[in-house]
Amino acid sequence: MFSAKIVKNYYGYLFIAPFIIGFLIFGLYPVYNTLSLSFTDATLMRATSKFVGLQNFQRLFADSTFFTAVRNTWALWLMNFIPQIGIALLLSVWFTNTQLKIKGGGLWRMMFYMPNLMMQSAVAALFFSLFSFYGPVNQFLVRADFLPEAIDYIRSPAVMRGLVVFIQWWLWFGQTTILLMAAMTSISVAIYEAATVDGASTFQMFRFITLPLIKPVMLYVLVTSLVGGMQLFDIPFLLTDGRGSPANSILTSNIMMYMRFRSSQGHIGAASSVGVMVFIMTTFVALLLFYALRDKHEHAS
Amino acid sequence: MTEQQKTLETALPTDVHFKKNYLLRLNITRALIYIFLAILLVITIIPVWILLVNATRSTVEIQQGISLLPSRYLLSNYGILLSKGLDLPLGFTNSLIIALSTTVITVYFSMLTAYGIVVYNFKGKKFFYNSIILLVMIPMQLSIIGFYQWMSKLGLDDNYLSLILPSIASAGSVFFCKQYLDSIVIHDLIDAGRIDGASELGIFHRIMLPIATPGMFTLGIFAFVASWNNFFNAFILITTRDKYTLPMLVQTLRGDVYRHEYGAIYLGLAASLVPIIIIYFLFSRYIVNGISMGAVKE
């Protein structure tokens with residue numbers, strides 16, 4: 001019986017083999033290929049390409065639009081993440097509070113999550129229509145006398161940036177709420193009861209019980225949101241002309257990569273270098289966050 | 001203990017007053033929270049609602065102002081879309097083919113991989129599982145250029161296989177399945193299957209998969225929605241107009257051909273959202289519970 005089990009354990013390799021093969025072909029090799037392309041002058045128009053060393057990266061660092069794109073990507077992510085986690089914390093505290101007894105918690109949660117499943121390209125086109133010059137937003141504001149005359153939102157960098165942040169927030173706050181709520185409901189009620197007996201205030205319970213115990217989930221939300229946020233594309237790309245207009249205000253690094261890729265020559269070497277830089281930056285920050293926060297958590301417990 | 005009891009006893013008359021005050025404050029807080037939630041609900045729903053309503057209104061009506069009630073131009077809007085050459089049914093079919101294949105492949109291979117990790121103790125298993133957790137955090141999508149060029153070399157660019165096959169190795173889904181299987185795998189059942197002479201793959205197919213159906217269903221919904229909504233990869237890889245997926249068709253609605261045909265534009269957008277909205281209202285229980293399943297250990 002024992003020896004039979006040992007032999008059977010080799011079947012584990014059989015079960016994970018498709019994943020490994022799939023990963024090597026569709027995951028790892030493309031990463032390697034992107035990296036090696038970034039050192040060449042490859043285009044879609046020519047069959048051959050030559051090694052140019054770090055030239056693509058030198059050009060990238062000499063190009064101020066690259067820094068604009070990276071800065072935008074970070075700013076757009078941060079500006080939606082902070083209110084997202086803030087509202088999600090507020091909602092999940094309310095929904096899980098045993099004194100408040102908010103009714104229909106499941107139903108609220110379900111409605112708030114709905115935007116997350118919407119097709120982002122359709123959402124971008126929708127908000128483009130809503131905020132177009134003759135669109136419903138202008139109609140409403142002008143007719144209700146909030147505005148003397150219609151505003152050309154699409155040409156306003158501040159409005160467009162705000163809109164991208166708002167749409168991202170709109171898409172994701174429900175999901176974050178569900179995750180934080182799940183984390184909060186998995187905390188034993190006995191801990192709160194004990195704290196109440198000790199005379200802890202609501203805020204103290206939140207600060208010293210809830211927050212430390214939901215930290216792993218907060219970390220998960222933070223890292224996945226960061227990784228997704230650094231790849232922001234659909235919304236800013238489709239909201240205006242696909243070039244991050246007006247005035248590069250919503251140009252993200254992925255849009256820049258796409259623009260290099262679809263340039264007249266199809267500079268895939270140069271496009272790869274953008275991908276590689278963002279890849280390195282994102283992975284570095286994600287791993288840093290993961291280890292920094294994870295270690296602290298292990299010390300605390 | 002005694003001190004608290006004492007204060008309770010001596011303060012009995014005023015305590016009623018105190019309690020009333022406390023209840024009043026609680027009720028005001030509660031009312032404010034409900035108002036806040038209602039505002040949030042309006043913000044969540046109104047854009048989608050306006051979209052759905054406008055899909056049924058004529059362009060003239062839409063230009064006249066906002067309405068929250070549907071009109072009766074749904075069919076004429078659809079006629080305009082068709083006359084402008086937007087083949088919505090084709091895009092729908094294309095997206096459906098890709099999404100269904102991706103769903104089946106994601107669910108089957110993620111379950112297979114996770115089962116291998118959960119049931120067998122092989123050398124390097126820990127390293128393999130840790131790598132999967134790591135992969136969840138690595139932005140693989142950024143290698144899309146290298147992926148595109150590699151697919152062209154293999155002759156798979158402008159081919160749905162390049163969108164479907166990568167889901168064989170979906171780290172996030174394996175992570176989800178591993179968490180799920182950990183909680184439902186019964187090792188005695190597997191041993192019983194072995195004694196009955198079933199092969200290892202046979203046990204997985206005939207014993208494990210039927211038990212894991214709820215989890216597979218949840219994962220399937222997520223895989224379907226993710227594939228249905230995926231714009232970036234399809235946008236890079238697919239070039240033939242007849243092969244366009246729904247998100248790609250939606251993007252063409254912004255073009256000059258549809259200028260001022262607002263009703264038709266809204267209808268095109270609505271058509272891509274409605275299937276997902278229906279799926280959501282049918283299966284929201286699975287979806288909402290599934291979100292936290294990967295992240296929160298129960």
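Guide: The expected span of a helix is 1.5 Å times one less than its number of residues; helices (H or I, at least four residues) and strands (E, at least two) are DSSP runs, numbered from the N terminus. This is a predicted model, in which local features need pLDDT of at least 70 and side-chain atom pairs count only at pLDDT 80 or more, while totals for chains, interfaces and linings use all residues. Residues are numbered from 1 along each chain as its sequence is written, and chains are lettered from A and ligands numbered from 1 in the order in which they are written.

Visitor: How do you know what span is expected of helix α8 of chain A?

Guide: Helix α8 of chain A, residues 157-185, has 29 residues, and at 1.5 Å a residue 42 Å is expected. From first C-alpha to last, the helix reaches 41 Å, close to that value.

Visitor: Where is the kink in α8(A) centred?

Guide: The kink is centred on A:Trp172 and amounts to about 35°; the bend at a residue is the angle between axes fitted to the seven residues ending there and the seven starting there.

Visitor: What makes B:Ile164 count as buried?

Guide: B:Ile164 has 20 C-beta neighbours inside 10 Å, and therefore counts as buried. This residue lies in helix α8 (residues 161-164) of chain B. Leaving aside neighbours within four places in sequence, B:Ile164 is in contact (C-beta atoms, placed from the backbone, within 7 Å) with B:Ile98, B:Ser101, B:Thr102 and B:Ile105. The C-alpha atoms of B:Ile164 and B:Ile105, 59 residues apart along the chain, are separated by 7.8 Å.

Visitor: How does the radius of gyration of chain A stand against that of a compact globule?

Guide: The radius is taken over C-alpha atoms, and the globule rule is 2.2 Å times the number of residues to the power 0.38. For 301 residues the globule would have a radius near 19 Å, but chain A has 24 Å. The C-alpha trace of chain A spans about 80 × 75 × 30 Å along its principal axes.

Visitor: Which element of chain B gives the largest share of the side that touches chain A?

Guide: In all, 69 residues of chain B are in contact with 76 residues of chain A. The largest share of the chain B side, 13 residues, comes from α15(B).

Note on methods:
Two residues are in contact if their C-beta atoms, placed from the backbone, lie within 7 Å. A residue is buried if 20 or more other C-beta atoms lie within 10 Å of its own, exposed if 12 or fewer, and partly exposed in between; C-beta atoms are placed from the backbone.
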